[in-house]
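Could you walk me through the salt bridges in a protein model? I'd like to learn how to read them.

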Amino acid sequence: MPLYRDEAVVLRTHKLGEADRILTLLTRQHGKVRAVAKGVRRTASKFGARLEPFMVADIQFYEGRSLDIVTQAESLGSYGAQIVGDYDAYTSANAMVETADRLTESEASLQQYLLLVGALRSLSRREHVPNQTLDSYLLRALSLAGWAPSFYDCARCQAEGPHTHAVVQLGGVVCDNCAPPGAPRLDAETIDHLAALLTGSWDVVEASSPSATSRASGVVAAYTQWHLERGLKSLSHVSREEGQR
């Protein structure tokens with residue numbers, strides 16, 4: 001059975017026996033991979049620390065029948081230590097990797113891989129408020145999966161915006177004609193904040209008021225839960241305090 005090599009980010013791990021771990025990884029070229037890392041729970045392990053959640057590594061695999069086997073691992077991004085030391089970054093990172101796990105399969109998805117690695121790097125460097133980094137990641141990841149929201153034109157009939165009714169089940173903002181009875185309205189600042197999260201316009205995101213940021217986070221959470229059908233367990237642990245840093 002052949003060897004292959006790929007870059008990968010560790011999504012989650014499970015104990016196996018006394019010293020091994022089963023890893024779920026998102027790779028650059030092979031999509032999502034499940035593999036066994038033998039002996040990594042021993043203190044003498046040469047690459048155990050490189051295969052913790054949120055770490056990015058250059059990994060050599062031995063192709064197995066059901067699970068591949070990790071034979072080598074070289075660190076490319078040691079983001080785990082910086083992330084786990086900060087609760088807000090840690091909970092946001094958990095929501096990110098759970099989302100990536102749910103959105104990806106064995107087929108390669110380079111854009112999803114690069115998006116996740118970039119978001120984890122940003123979290124580790126504390127470039128932005130962690131929950132805003134998470135909200136931006138969620139909107140972009142869902143967009144890459146085919147569920148791009150609209151925050152200007154009507155998501156249902158494409159009537160030119162701006163519109164203020166927000167209906168996550170319909171894909172974002174909708175016009176008055178398409179809005180179901182009782183559909184909530186969002187103020188312009190919150191809609192601008194959501195659009196900026198989607199496009200990565202961080203000057204707009206960081207200039208938003210705490211109340212607009214909080215309302216936008218609620219929309220992002222609802223939009224994510226709707227499209228993933230089952231709730232993200234880790235999302236309930238993310239702090240949504242206004243002005244959180």
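Here is a short chat about salt bridges.

Q: What should I know before I start?

A: This is a predicted model, where local features need pLDDT of at least 70, side-chain atom pairs count only at pLDDT 80 or more, and totals for chains, interfaces and linings use all residues. Residues are numbered from 1 along each chain as its sequence is written, and side-chain values use heavy atoms, with hydrogens and water left out.

Q: What is a salt bridge, and how many are there?

A: It's a side-chain nitrogen of Lys or Arg within 4 Å of a carboxyl oxygen of Asp or Glu. By that rule, the count here is 11.

Q: Which side chain does Glu7 meet in a salt bridge?

A: That of Arg28, at 3.6 Å from N to O. Glu7 sits in strand S1 (residues 3-16) and Arg28 in the loop between strands S2 (20-27) and S3 (32-37), so the pair ties together parts 21 residues apart in sequence. Strands (E, at least two residues) and helices (H or I, at least four) are DSSP runs, numbered from the N terminus.

Q: Which residue pairs with Arg126?

A: Asp86, with the closest N and O atoms 2.2 Å apart. Arg126 is in the loop between helices H3 (110-125) and H4 (130-144), while Asp86 is in the loop between helices H1 (80-84) and H2 (87-103), 40 residues apart.

Q: Which residues are linked in a network?

A: Arg12, Lys32 and Asp101 are, through salt bridges.
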